[in-house]
Amino acid sequence: MAELIQILVSGLAAGSIYALAAVGFTLLWQASQTINFAQGEFVMLPAFFVLVGMNFLGLALWPAVFFALILSLLILGLAFKKLIVEPMLPHGTLPLVIATIALGLLMKESVKEFYGATAQPFPAVFPQKVYNVLGASVSVQDIGNLLVSMLAILGLQLFLSRTRTGRCMQASAQNPQVAEILGVDVKKMVLYTFLINAALATIASVLISPVYLAKFSNGETLGLVAFIAAIVGGFNQIRGALVGGLLIGVIDNLSAVYISAQYRSAVPMLLLIAIILFRPQGLLGTPEGRSV
Amino acid sequence: MHRNFIGATAMALALATTPLAAAELKVGSIVELSGPGAAAGVNFRDGVKMGFEEINAAGGVLGDPVRITEYDSQTDPQVSRAMVQKAIDDGVHVIAGTVFSSSTVVNMIVARRAGIPQFTGSEAPSITGMGNPYIFRSAFGSQKGIPKMARYMAEEMGVKKVAVVWANTEFGKGGYSAFKAEAANHGLEIVADIPTEQAQSDFSADVLKAKTSAADALFVYLTEEESARFLREARKQNIGKPMVGETTLIGHKVIELAGEAAEGAMGHVGLTPDADIPAMTDMVERFKKRFDYTPDHNAIKGFTTAHVIRCVAELVGSPDSQAIADKMHGLTLTVEECPGVLMDVSWDDTGEMSRESFFVEVKDGKQVVRAILPPN
C-alpha cells in the first residue's frame, strides 16, 4: 500500500509538470495549428534565466524567478511569435514545424555554449520536508509541484471559459475569420496564447529543475514526454493535456517499478500507439475534420 | 672564402643548438576542454598547467623550461584520436590525458604506435589490460578501488545485504561486474539489482525499489549528474539507508549539484583535496589562488602527472620518450624524492598504479576522511 502511494505521489508530481508542457502544445496548436517541437527547450530555458538572475545579477530566488518570467514572456512568447511563427506560418505548417525544430537546437546549443555542458544546481522552491503518510514518504516538494501545476492549469481553464478575453481567445482558435468579423482582435488573442505558453513553461521549468537539475539537454526528454501526453490526452483540449500528463507520469513510475526499468520509456510509447490506433483524437479530445 | 665562412658558422650553430633543443621537454596536454567531459577535463588541464608552471618557475626539467601545448578532445573519441596524432606530429615527448575512458581506449592506440608515453586520467579497468607499454595511470583503475570499498563495507560497516544501483552503460557495467565479484568474496548478498538508463532524470522508482528492498546499504555506481539526481530523490523519499559509491557518488561536483542531499553519502576516492595531507592541502590552496575555484580529484591527477613526468625525465636524464616509458614500468616514486607526487606511488608492468586511498563521508558539504585504505 505504502509502495503504491509512493508511486502515485511521485508519478502525479512528475506528471503534473509534463501536463504544463503538454498544455503548451495544445495552446499553440489551437492558436496557430502549429506543433512546437522546441517546447521541451521552452521548459529548459527559463531555469537558466533564473540562474543568470541569481548568479550574474545577484538576485534572490523569487526576484530571479520574476526576472525569468519577464524574459520568457519576451523571448519565448513575443519574439517567438513575431520572429518565427508569423513569418513562417504563411508558408504552411511543415516549414513552421521545421523552424521550431531548428529553434530547439539553437536554444540547446546556445545554453551549452553560454552556461556549459554540465548540469547546474538549481535551488528548491519548496521546503525540503518529508512527511510519513500511511508508510509512504511524501515530500512537500512533490505536493507543491502537484498543487502549483494543477492551480496553473485550472486557472487557465477558468480564464478561458469565464472571462471575456478567454472566450475571445477560444473563438479566435476555433474560427479566426468569424471571430474577426465579430470584432475580436485575433492577432492580440494569438499573442496572448503565446505569452501564456511562455508563462506555463517558466512555471514548469522552476518546478522541475530542482529535481532534474538545470541542463541544456533537459528539453529532449521533457519535450518528447509532453508531446506524447498531449496526444494521449487530446491535442485540442487543455483538460486532455492535463490528463495525458498525469497518466504518463504515473504509468512511467508504475512500469519502472513493476515491469522493468529498461523498458519504462517504451510503455508510454505503447500507450501512444494504442491511442493513435483506437482513439486518434485522444482520451478527452474531440475529432477534427479538415477539408483537403 | 665567404661561402665557407657562412657554412662553417651554420654548422657550428647547428652543433651548438642541437643538444639544447634535444633537452627541451615537450608535453601535449590533450583533454576534454569542451563537450560533456569539460568539467573533468578543465580540472585535469589546470592541474597539469599549474604543475608545469611551478616546475618551470623552479628551473624547468633538465635545465630547460617545459613546453606544454594544449589540445581539446571535445569529449569525442575520434577527435581525441586526431588530437593525439596532431600532438605527435608537433613533436611532443609525452602526452598528458585524456580523462574520459571512452576517448582514451581509442586514442592510446595512436600514442602506442608512435612510442609516446601517455599519462591518462581515465579509470576504466580495460585501459591497463590491453598490454600497451606506453600507457600509465594518474589514478588507479576502478578495479582496484572497488575491492577496497567492498572490504570496507563488509568489515567496517558490517553490511550483509546490499542493493546495487548502477548505470546500464559501459562505465556502469564495469563497476557493477567488479562489485558483484567482490561482494561474493566478502559475503555481501545483493538483494536488489537496479540498473538505470544513461542520462536518466527521474529516479523515484529506482529509489523506491532500493528503499523497499531488504538491503542494509546501497552501492551506487552512476555518473556524477545521475548520482546527484539519485541523491536528491533519495532524500525526498527519506531512504534511511547508507549509500556507498565511488568518486562519482561523493565527488565535489556531486556535492555541488546534490546540495544537502549528499550529506552522509560515503565512498572511496583515490585522491581528495580534503585529505589531511599537508602537501595536498598546500597544493589545493595554491590551485584556488591560481584558478579561483576548488580543484577536484582530476586537478590533482593533472598536477601529480606534471611532477611524475618531471621526476622520470630527470631520472633518465633526457626527454627521450622510449627511455621515459621504460623507466615507468615497476617504478616507485616517494614524496621524499619527488615531492610533487603528494603521496608515495608505484606503477606495475601494465602501467596500473598503486597508492593509498581514502574512504570518505560527505559532512557539511565536504569530504571527511573516515579511513585511509592501504595500497593494493
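Three strands of chain B make an open sheet in the order S11-S12-S13, with antiparallel pairing; strands pair if DSSP finds at least two bridges between them. Helices (H or I, at least four residues) and strands (E, at least two) are DSSP runs, numbered from the N terminus. This is a predicted model, in which local features need pLDDT of at least 70, side-chain atom pairs count only at pLDDT 80 or more, and totals for chains, interfaces and linings use all residues. Residues are numbered from 1 along each chain as its sequence is written, while chains are lettered from A and ligands numbered from 1 in the order in which they are written.

**Sheet of chain B**

- Strand S11 (332-333) and strand S13 (353-354) of chain B are the edge strands, each pairing on one side only.
- Strand S12 (residues 345-347) of chain B runs antiparallel to S13(B), and two bridges join them.
- Trp347(B) has Met353(B) as its bridge partner in S13(B).

**Hairpin of chain A**

- Strand S1 (residues 130-133) of chain A is antiparallel to S2(A), with four bridges between them.
- S1(A) and S2(A) form a hairpin with two residues between them, and Leu134(A) in the turn has a positive phi of about 50°.
- S2(A) is covered on both faces: Ala136(A) and Val138(A) on one side, and Ser137(A) and Ser139(A) on the other, are all buried.
- A residue is buried if 20 or more other C-beta atoms lie within 10 Å of its own, exposed if 12 or fewer, and partly exposed in between, with C-beta atoms placed from the backbone.

**Overall form of chain A**

- Chain A has eleven helices and two strands, in the sequence pattern α-α-α-α-β-β-α-α-α-α-α-α-α.
- A compact globule of 292 residues would have a radius of gyration near 19 Å, and chain A agrees with its 19 Å; the radius is taken over C-alpha atoms, and the globule rule is 2.2 Å times the number of residues to the power 0.38.
- Along the principal axes, the C-alpha atoms of chain A fill a box of roughly 60 × 50 × 35 Å.
- Of the 292 residues in chain A, 50% are buried.
- Ile208(A), in helix H8 of chain A, is buried because 28 other C-beta atoms lie within 10 Å.
- The C-alpha atom of Ile208(A) is 9.5 Å from that of Phe122(A), 86 residues apart along the chain.
- Thr165(A) lies in helix H6 (residues 164-174) of chain A and counts as partly exposed, with 13 C-beta neighbours inside 10 Å.

**Contacts between the chains**

- Chain A has 24 residues in contact with 27 residues of chain B; two residues are in contact if their C-beta atoms, placed from the backbone, lie within 7 Å.
- On the side of chain A that touches chain B, helix H1 (2-32), strand S2 (136-139), helix H8 (186-212) and helix H10 (238-258) each supply at least two residues.
- H1(A) gives the largest share of that side, five residues.
- By class, this side of chain A has twelve nonpolar, eleven polar and one charged residues.
- Ala, Val, Leu, Ile, Met, Phe, Trp, Tyr, Cys and Pro count as nonpolar, Asp, Glu, Lys and Arg as charged, and the others, Gly among them, as polar.

**Domains and core**

- Chain B is assigned domain 1 (9-140 + 276-355) and domain 2 (143-269), with bounds from an automatic or database domain assignment.
- The C-alpha centres of domain 1 and domain 2 of chain B are 31 Å apart.
- Eight residues of domain 1 of chain B are in contact with eleven residues of domain 2 of chain B.
- The largest nonpolar core has 207 residues, of which Ala229(A) and Leu218(B) touch the most other members; such a core is a set of buried Ala, Val, Leu, Ile, Met, Phe, Trp, Tyr and Cys residues joined through C-beta atoms within 7 Å.
- Domain 1 and domain 2 of chain B both give residues to this core, so the core lies between them.

**Backbone exceptions in chain B**

- Most residues other than glycine have a negative phi, and most peptide bonds are trans.
- The peptide bond from Gly97(B) to Thr98(B) is cis, with omega near -5°.
- Leu62(B) has a positive phi near 55° and sits in the loop between helix H2 (38-57) and strand S2 (67-72) of chain B.
- Asp292(B) has a positive phi of about 65°, and this residue counts as exposed with 7 C-beta neighbours inside 10 Å.
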